[in-house]
Amino acid sequence: MSDLHDLGRGRTGTLVHEAMTARASGQWEAVHQLAVTLTGQAVDANPVTASLYRGAPALAYALHSAHHKSYSTALSRLDDELAALVGRRLASARQRMDFGVPPRMREYDLISGLTGLGALLLYRRNQRRVLRDVLHYTVRLLRRPVRVGGRSVPGWWCSDAPSGRPDAGEWPYGHGNFGMAHGVAGPIALLALALRAGIEVPGQKEALLSGINLLERWARPLPGGGAVWPETLPLHAWEEGPTTTGRTGRPSWCYGTPGIARALQLAALTTHQLRSQLTAEKIVASCLADPSQLAKVQEASVCHGWAGLLLAAELTAADADPDSRINRHLHKIRAQFGLLLARGQIPGGAGLLTGADGVRLVGRTFDPIQPVDPGWATCLLLI
């Protein structure tokens, strides 16, 4: 499958970068040329393969980022395809839920699943009914358990391995996934951001409170302060419960502390749980102050690197008290990120997740002279 309509690593991600820059500068020629190229090619709308990051939904996300009247006709057509795609995805998911078995990871995750499609619908804000259908599903996902090997597990438990494929050898009972990109942090963030936008369905606040309890319970303290979450868990580790202390991991957006803590903060903010909000913010501050965690960041990308860490930290700080400890440590992250930009040490290739487009867009989002609108980061469920 071509990467042309790939938001994470293709030219559709480039279109988001170019569009956000044009909205600030008023220079639209490059955007229009790229949009003509992308809309002139056949685009995947198959519910099995299309998602927020691939195919028609990815293109709709990019065109909407422009907020330009030239794209209204193309967006209207893509909206019809999106509604049909989501409807088929939801029908399949409800059937699976009725049998009480766990989902494949790609059913609900941000990158490939219904959480990501919900993020697009939240960004577009023009199909409230379809968005509410996704939120109903997400509430059920978080609140209704399923069964694996004769044992009860949460509804977001994945039937496959962290690779997204079945693995009866290493992961015979599937896995629990905590990450923003592929795990439970994504649905929690989606419900919180929808509620923040005034969009609520029955059980949404209760699902968020359940998500808060989950994330606080599994935030494993570090010997030097702060806490971390497991990226993934096999069934026996879930049944044993949280260990006393955690081990530092890479502080990435996709699976690490910055993304998961932001989901916790958003859930706490929208349900008015001040103690939980402060817990999330303290965890982020401790992460930014910990050289052993920062040393694990080896590159600049949004998905795994400094750009994603900075973006998550900045948006978390924006919702925290001005005296939050996060602000005391942000200057180090800004300086490191700025140094990478100055040296040209950014990934090659296109796209928002792993390519240069995402890195440059984060830089422009926090440009002190002409910043771009941070709303593009809805595809990361950070805002």
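A pocket is here an open set of grid points with protein on both sides within 12 Å along at least five of seven lines, and its lining residues have an atom within 4 Å of a point. In this predicted model, the second largest pocket holds about 290 Å³ of space. Its lining comprises 18 residues, of which Arg220, Trp229, Pro230, Glu231 and Arg247 are the closest to the centre. By class, this lining divides into 5 nonpolar, 9 polar and 4 charged residues.

The largest pocket contains about 430 Å³ of space. It is lined by 19 residues, and those closest to its centre are Asp6, Arg9, Tyr53, Ile111 and Leu353. The lining of the largest pocket is made up of 8 nonpolar, 7 polar and 4 charged residues.

Trp229, one of the residues closest to the centre of the second largest pocket, is also among the contacts of Thr257. Thr257 is placed in helix H11. With a relative accessible area of 5%, Thr257 falls under the 20% limit and is therefore buried. Leaving aside residues up to four places away in sequence, Thr257 touches Ala227, Val228, Trp229, Pro251, Ser252, Ile283, Cys287 and Gln293.

Helix H11, which spans residues 257-271, is also among the elements that cover the buried residues of helix H8. The other elements in this cover include helix H5 (105-108), helix H6 (114-124), helix H7 (128-143) and helix H9 (204-217). Helix H8 itself runs over residues 185-196. Of its 12 residues, 11 are buried, so H8 is largely enclosed by the rest of the structure. The buried residues are Ala185, Gly186, Pro187, Ile188, Ala189, Leu190, Leu191, Ala192, Leu193, Ala194 and Leu195. At 1.5 Å a residue, the 12 residues of H8 should span 16 Å, and the C-alpha atoms at its ends are 16 Å apart, in agreement with that expectation. Just after H8, Gly198 adopts a positive phi of about 85°.

The relative accessibility of Ala93 is 1%, so Ala93 counts as buried. Not counting residues up to four places away in sequence, Ala93 touches Glu107, Leu114 and Tyr137. The C-alpha atoms of Ala93 and Arg104 lie 9.8 Å apart, with a sequence separation of 11 residues.

Aromatic side chains form 6 pairs in the model. In one of them, the rings of Trp157 and Trp238 have centres 6.0 Å apart and planes at 65°; as this angle is over 60 degrees, the pair is edge-to-face. Trp157 is located in the loop between strand E2 (151-153) and strand E3 (176-177), whereas Trp238 belongs to helix H10 (residues 235-240), so the pair ties together parts that are 81 residues apart in sequence. Both partners are buried: Trp157 has a relative accessible area of 0%, and Trp238 has a relative accessibility of 16%.

Trp238 also pairs with Trp218. Their ring centres are 5.4 Å apart and their planes meet at 10°, so this pair is stacked. Trp218 lies in the loop between H9 and strand E4 (220-221) and Trp238 in H10, so the link joins parts that are 20 residues apart in sequence. Trp218 is likewise buried, with a relative accessible area of 1%. Ring pairs link Trp156, Trp157, Phe178, Trp218 and Trp238 into a cluster.

Positive phi values also occur at two histidines. His67 has a phi near 50°, a positive value in a residue other than glycine, and is placed in the loop between helix H3 (56-66) and H4. For His272, also not a glycine, the positive phi is about 60°. His272 is found in the loop between H11 and helix H12 (274-289). At 70% relative accessibility, His272 counts as exposed.

Terms used. Residues are numbered from 1 along each chain as its sequence is written. This is a predicted model: local features need pLDDT of at least 70, side-chain atom pairs count only at pLDDT 80 or more; totals for chains, interfaces and linings use all residues. Side-chain values use heavy atoms; hydrogens and water are left out. Helices (H or I, at least four residues) and strands (E, at least two) are DSSP runs, numbered from the N terminus. The expected span of a helix is 1.5 Å times one less than its number of residues. Buried means under 20% relative accessible area, exposed over 50%, partly exposed in between (1.4 Å probe, protein chains only). Contact means heavy atoms within 4.5 Å. On a 1 Å grid over the protein atoms alone, a cavity is a set of points where a 1.4 Å probe fits but cannot get out, and a pocket is an open set with protein on both sides within 12 Å along at least five of seven lines; lining residues have an atom within 4 Å of a point. Grid points are joined across faces, edges and corners, and a volume is the space filled by probe spheres set on the points. Ala, Val, Leu, Ile, Met, Phe, Trp, Tyr, Cys and Pro count as nonpolar, Asp, Glu, Lys and Arg as charged, and the others, Gly among them, as polar. Rings of Phe, Tyr and Trp (its six-membered ring) pair if their centres lie within 6.5 Å; planes under 30 degrees apart count as stacked, over 60 as edge-to-face and the rest as tilted.
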